[in-house]
Amino acid sequence: MSKQDLLSIMPLFILTSAAILILFSISIKRNHKVIFGITIFSLLADFIFLSVVKTPVSWIVEPLFVFDGFGKFNLGLLLLTALSLAMLSYAYFEQREERKEEYYILLILATLGACTLTISKHFISLFLGLEILSVSLYSMIAYLRKRERSDEGGIKYLIIAACSSAFLLFGMALIYYVTGSMEFASIGVYLSALHELPIIMIAGFGFLIVGIGFKLGIVPFHMWTADVYEGAPLPVTSFLATVSKGGVVALLVRFYTQVNGHQHDSIVGTFTVLVIASMFVGNFLALQQQNVKRLLAYSSISHLGYILVAFIAGGQLGLEAVSFYLVAYFITTVGAFGILTYLSDKDRDAELLVDFKGLFWRRPWTATSFSAMLLSLAGIPLTAGFVGKFYIVAAGVSSSTWLLVTMLIVNSAIGLFYYIRIIAIMCEKEHIEVQTQVELTPSIYLISGFSVAVLTIALLWVGVFPDELIALIQSMLNP
Amino acid sequence: MILSGFILSFMIGGILAWMAALKNLVLARWISLITVCFNLFIVIILWVQHLQGDESQSAWILDFSLPWIPRFGIGFHLALDGLSLLMLLLTFFLGALSVLISWKEIQHQVGLYHFCLLWVLAGITGVFLAMDLFLFFFFWEVMLIPMFFLIIIWGHENSRYAAFKFFIFTQASGLLMLVAILGLYFVHANQTGTFTFDYFQLLGADIPSGAAMWLMLGFLAAFIVKLPVIPFHTWLPDAHSQAPTAGSLILAGLLLKTGAYGLLRFIVPLFRDQAVAIAPWAMAIGVFGIIYGAILAFSQTDLKRLVAYTSVSHMGFIMLGVFSFNMIATQGVVMQMITHGISTGALFILAGIIYERIHTRDITRMGGFWKSMPFLGTCGLIFAMASLGLPGLGNFVAEFLVLVGAWQATHKLTIIATIGLVAATIYSLRILQKVFYGNQSATHGLADLSFREKLVMIVLVVSLIWLGLFPQPVLNTSRPSVNVILETTASSDENGTRNPKIITIKQKRYTHE
């Protein structure tokens, strides 16, 4: 292993060593503050390392990893997201759980898994990353074990994720059987020689799509989302919605481009159907919800659909659109869940629509931020979500995928309804006395409040001046 | 600079008013009033200067451009011509009135209210000035959200339903426009290799006719929902009747005008042939709207709903005029945009004043108000006369011009549209009869107008009479812009040949620079 290899892979090492460090530190003395500090520090250090240390434009660590612009961009994005999630977790776990320290180990390991996915170019690293991610998530979802639904969510996720891994493995095996390779690039080379996909390959890809689909929670593999989102502790829910899905999307994009998925009508057709179904089903189910967590879960299904519209549109613009939308979606989702975290009390999460009644008059700043988040999810100007949606529509129009663009428009209109419904509820005049928060030291809320404020500002900033982010994405994607 | 100053001052004024309201409610009201009046003052100065300027100057008065998102060729490009200038005058004028009219009406969350009000005005100002299609769409959407809040928070009993309907109708149609804008963008880029959303450059795009029809329909969807044109009008009565007075004023006076403005500014110049192709249908729908709106207006018992349906009827004239493609009709459309904004706004203010006193909008429970409120009655009479198109008041000029222009395009439809004027007489007189004449229904004493309300009313009456007697300054201001808009249409219309419109547009473009 050369020095360059080591430098490239350093971000993963930092995460691993942080996890071990926390493990030791817990065995010496349980101290939430210290553990929290280590977590924040290591994630931050990792991000700084990634952005400061100059590495070659594209570096391949044979045979597993590739460090190119796209991978690095996603690595950075995932690390920042994990960082903001850790910031939001502190206040949440401080008031709930006796043994809160292990959570940070799991958080870091899950981030490690997602990061591995973004840079893998081989089935083995794919599977490794995915399993690290999933296994950590099992316990993260069930972390508040005293809560009934937390257990339920954990077990549901365990069973479904295990099944999907089995599908994935079988798909890989079939593809390996035909192509004799587990590397994305050489699979692509093999396929480019073919005019038509052999039936075993189609089956293999089908199984892969099933496995990936489960992780992404797209229709028809979405059944677990709502229950798991509802049961999981709020920071974990937002982890599921952002880092976990983001890693898989990055992987999907890489795999798809390397095997030239665009050339195969059967694959494009399958994705088109899945995407349209995801957008519609996600939105229609979200319309019915009274529980904000479930609502956001279903809306995340449709947002995955939006992202995949750009993904199917493909090309340079499509890739940029995916990256931009991921950023916008991450900021928004973390922010929205962050606000839920901020509002939750000791016994239960603020998740029912009733909890938000008259929020504008009780906590105007929180309500304003939350409205900004919701408007961003709905894709209204001045927010990052709007530019993201614009990017996706632009990608769709430029590659003339009219069907998908039309469906996206229809769904945006449907989606509007449930987002503005929450805003409407926050505007209602009746004051319902929600019992005041359990007294916590203000400094705890300072951290959460600070994170939410930063996210809101980022949201508006990217919405009004998207050019810097676009330039960054462009420079990362086409060096 | 001045142009972006308008928008920025509203945004900053809104934030200041919000902050001020934490300490002092009256201060918040004054801040927003001063902001709007200041802008009104500036735009009046611009107008006077423009009127004194010589006739031969180019259509574009001011131009301001900054790069915004170079990745997509999006610029922060604002420009002012006669049409925009008139629209800004209307915007700031009605804006000032809407602040005044909500002085006493709004007691709940005053700061947020003025914030929303000023941001709506900022969005509308942006729509009237934006010369970059992305920017136009941006402002088009920006004006929706504060309006949504205005309706939902300060609206009447069923405001939630109305606000949702308003938001979803306009937003969904706006998204269609976004796709059309992007389509135009890529078509233009494929031909010329330049990726730009700039209005003046896109004017030169030679769009394949199959695609052009679809693109035009995308734009049209947004504009006719906003205008609104039957059958997309159903959001309007709900939104108008549920919004607070200032909200109805802005909706009727300004938001509907953005639709009409869009038709003039984008549909006609960009998609000339397609617009000509659908003109008979568009005019027919417009005329149908005139009659249908009038009939529905007549059958309402809710005063604000009634006025809302009169808007549907009056907006039919705009469809009729725009798709006649001639100077007189288009000038009439511009005039109609202004006079309808003022007269309908005035009727909504009237309804608001009555609502403040008797807390109902049901006209069956009104009657005989002339005795207790003679001042309001007099003003009401003038507004109703304006609405029915009495000569000497602004609306007459507008509708007369539209009808004269439309006559050159179609005889049959114009004759039917004229019937609309008769129908307008019926519903306008019904308002007067039910509200001001007849037996006095309310037993409690009704106070006549306060000084503030009198001021608002007098200003409205004066402007309506002035527009009716001396419409020439307005027509002079809009003529160069209308010329630019129509130049592209006329050439193909009369000769039957497709003159390359690029040439004419380019000439226009370089004259203003």
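Student: What span does helix 17 of chain B reach from its first C-alpha to its last?
Tutor: Good place to start, and keep in mind that this is a predicted model. Helix 17 of chain B covers residues 394–409, which is 16 residues. At 1.5 Å a residue, 22 Å is expected, and the helix comes close to that, reaching 24 Å.

Student: Which helix gives the most to the side of chain B that touches chain A?
Tutor: The contact takes 20 residues from chain A and 24 residues from chain B. On the chain B side, helix 5, helix 6 and helix 7 each give two or more residues. By class, that side has 19 nonpolar, two polar and three charged residues. With 13 residues, the one giving the most is helix 7 of chain B.

Student: Is A:K245 buried or exposed?
Tutor: A:K245 lies in helix 10 of chain A, residues 234–258. Leaving aside neighbours within four places in sequence, A:K245 is in contact with A:L216 and A:L304. A residue counts as buried when 20 or more other C-beta atoms lie within 10 Å. A:K245 has 24 of them within 10 Å, so A:K245 is buried.

Definitions and conventions
Residues numbered from 1 in each chain as written. Chains lettered and ligands numbered in written order. Predicted model: local features only at pLDDT ≥ 70, side-chain atom pairs only at ≥ 80, totals over all residues. Helix = DSSP H or I, 4+ residues; strand = E, 2+ residues; numbered from the N terminus. Buried ≥ 20, exposed ≤ 12 C-beta atoms within 10 Å, placed from the backbone. Contact = placed C-beta atoms within 7 Å. Nonpolar A, V, L, I, M, F, W, Y, C, P; charged D, E, K, R; others polar. Expected span 1.5 Å × (residues − 1).
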